[in-house]
Number of protein chains: 2
Amino acid sequence: MRRSKKSREQIIRELMPVFRGDSFSGASLAELAAAVGLGKASLYQKFPDGKAQMGAEVLDQAGRWMKTEILIPLEQPGDPIQKFNAMLSAVDAFYEGGQMSCLLNTFSLGEAGKLYRDTLADSIRRWREGLAGLARRAGLTPKNATEWAEEVLLNIQGALVVSRAEGDPSVFQRTLKRLHRRGIA
Amino acid sequence: MRRSKKSREQIIRELMPVFRGDSFSGASLAELAAAVGLGKASLYQKFPDGKAQMGAEVLDQAGRWMKTEILIPLEQPGDPIQKFNAMLSAVDAFYEGGQMSCLLNTFSLGEAGKLYRDTLADSIRRWREGLAGLARRAGLTPKNATEWAEEVLLNIQGALVVSRAEGDPSVFQRTLKRLHRRGIA
DNA sequence: GTCTATAATAGGATAGAC
DNA sequence: GTCTATCCTATTATAGAC
């Protein structure tokens, strides 16, 4: 037990839901500080470049989550269907059953969009390619694999939007079940 | 020519892109006023309850657009496929080829979500039911019709998110083409 | 390392002149 | 009806004490 204080990773984990609950512009320093349990000045000690840096590091951490929980598992040898279902479970957990927004959505609005666009586009590209590779290994033609991968992505992102707008995550749940049922085709 | 000044409808039309370019919290009075070409004080003359009222009226106008451009056409007698394709064209125009966000997305974030939830949920419900009704008339079972309608909605909403995050509307274009190709099934 | 205090700016909203 | 000027609060950010 070397440290009783919070790790940076833990701090970033606590910042994330603030950025996911509203847009980047909607996330205030007051909320961010409260979420971490520190004063605003203390946050600036850890993130000298302020909100933009917090956003960048939150996005980085989400990218690392995607890599370990999505991309690497998808690439492992083994039954593609099983890999796909594991991804759906990871997605369900990360979005808390459809109750949490995606940073791809909240960080692409307004001025923040310009600031983080490259990172966002890169995340989408890697997710899409990870899925497409899986689908090719499952026997789909390259063309069909690409199309299937994109559809999976759009269904997840669309379900997150609609769930939030309805204030009811059941669409998200139905969508994950449907993707599971459809499989890789 | 009774009036040379702007109609209220025109003003609301000019407010809309500000709310669609960022979240409700991200849309500032300065931007809103600039979009209309008036001072902030003049906007308050027209919208005494401020930003919340502007948001509500923008949402109302979007709801009327949906009714005239989506729901009523979907209900008209005639070839369901043709109705569906007309809807895809209207959607393409309204979202400007994938370059404009949906208010269902931007108004459901943060505090605004609580404020507008009922309206948003109602719009989604009507859109979904309009599509499901069309699918039933096209011969799908009620169960399949409901599922197809939801998938169409999620693909559109997902494509808008991904297009914006990538800074490239081509996903949206591909998605509309794919929905057209798939038809009602 | 965290706090209080404070600066500087932007945001939402109103008063009152024209 | 629109404007300038202004108010109040929130917001981002920093200085300096502990």
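This is a predicted model: local features need pLDDT of at least 70, side-chain atom pairs count only at pLDDT 80 or more; totals for chains, interfaces and linings use all residues.
Chain B and chain A bury about 3,100 Å² between them, and the contact takes 37 residues from each of the two chains. DNA strand D has 14 residues around it, and DNA strand C is surrounded by 15.

**DNA strand D**

- The residues that come nearest to DNA strand D are A:L29, A:K40, A:Y44, B:G39 and B:S42.
- Sugar or phosphate accounts for 56% of the atoms of DNA strand D within 4 Å of the protein, and bases account for the rest.
- The side chain of A:Y44 has an N or O atom 2.5 Å from a phosphate oxygen of DNA strand D.
- Two or more residues of the surface near DNA strand D come from each of helix 3 (40-46) of chain A, helix 4 (50-75) of chain A and helix 3 (40-46) of chain B.
- Helix 3 of chain B gives the most to this surface, with four residues.
- By residue class, the surface near DNA strand D has six nonpolar, five polar and three charged residues.

**DNA strand C**

- A:G39, A:S42, B:L29, B:Y44 and B:K51 are the closest residues to DNA strand C.
- Of the atoms of DNA strand C within 4 Å of the protein, 58% are in sugar or phosphate, with the rest in bases.
- From chain A, a polar backbone atom of A:G39 is 2.6 Å from a phosphate oxygen of DNA strand C, and an N or O atom in the side chain of A:K46 is 2.8 Å from a phosphate oxygen.
- From chain B, the side chain of B:Y44 places an N or O atom 2.4 Å from a phosphate oxygen of DNA strand C.
- The elements that each give two or more residues to the surface near DNA strand C are helix 3 of chain A, helix 3 of chain B and helix 4 (50-75) of chain B.
- Helix 3 of chain A contributes the most here, with four residues.
- The surface near DNA strand C consists of seven nonpolar, five polar and three charged residues.

**Interface of chain B and chain A**

- Of the area buried between chain B and chain A, 54% is on carbon and sulfur atoms.
- Eight salt bridges are found across the interface.
- One salt bridge joins the side chains of B:R181 and A:E147, at 3.7 Å from N to O.
- There are 18 residue pairs in polar contact between chain B and chain A, counted with both residues at pLDDT 80 or more.
- On the side of chain B that touches chain A, at least two residues come from each of helix 6 (103-106), helix 7 (110-137), helix 8 (142-166) and helix 9 (170-182) of chain B.
- Helix 8 of chain B supplies the largest share of that side, 13 residues.
- The residues on that side of chain B divide into 11 nonpolar, 14 polar and 12 charged.

**Buried residues in chain B**

- B:N105 lies in helix 6 of chain B.
- B:N105 counts as buried because its relative accessibility is 2%, under the 20% cut-off.
- Beyond its neighbours within four places in sequence, B:N105 is in contact with A:N105, A:V161 and A:R164 of chain A, and with B:V161 and B:R164 of chain B.
- B:L59 is placed in helix 4 of chain B and is buried, with a relative accessible area of 9%.
- Leaving out residues up to four places away in sequence, B:L59 touches B:L103, B:F107, B:Y116, B:T119 and B:L120.
- B:L59 is 29 residues from B:A30 in sequence, and their C-alpha atoms are 20 Å apart.

- A:E96 is not a glycine but has a positive phi of about 50°.
- A:E96 sits in the loop between helix 5 (80-94) and helix 6 (103-106) of chain A, and is partly exposed at 45% relative accessible area.
- B:E96, also not a glycine, has a positive phi of about 50°.
- B:E96 lies in the loop between helix 5 (80-94) and helix 6 of chain B, and counts as partly exposed at 47% relative accessibility.

Methods: Residues are numbered from 1 along each chain as its sequence is written. Chains are lettered from A and ligands numbered from 1 in the order in which they are written. Side-chain values use heavy atoms; hydrogens and water are left out. A residue is near a molecule or strand if one of its heavy atoms lies within 4 Å of it. A polar contact is a pair of N or O atoms within 3.5 Å; within protein, one must be able to donate a hydrogen and the other to accept it, and residues adjacent in sequence count only if both atoms are side-chain atoms. Ala, Val, Leu, Ile, Met, Phe, Trp, Tyr, Cys and Pro count as nonpolar, Asp, Glu, Lys and Arg as charged, and the others, Gly among them, as polar. Contact means heavy atoms within 4.5 Å. Buried area is the accessible area (1.4 Å probe) that two parts lose on being put together, summed over both. A salt bridge is a side-chain nitrogen of Lys or Arg within 4 Å of a carboxyl oxygen of Asp or Glu. Buried means under 20% relative accessible area, exposed over 50%, partly exposed in between (1.4 Å probe, protein chains only).
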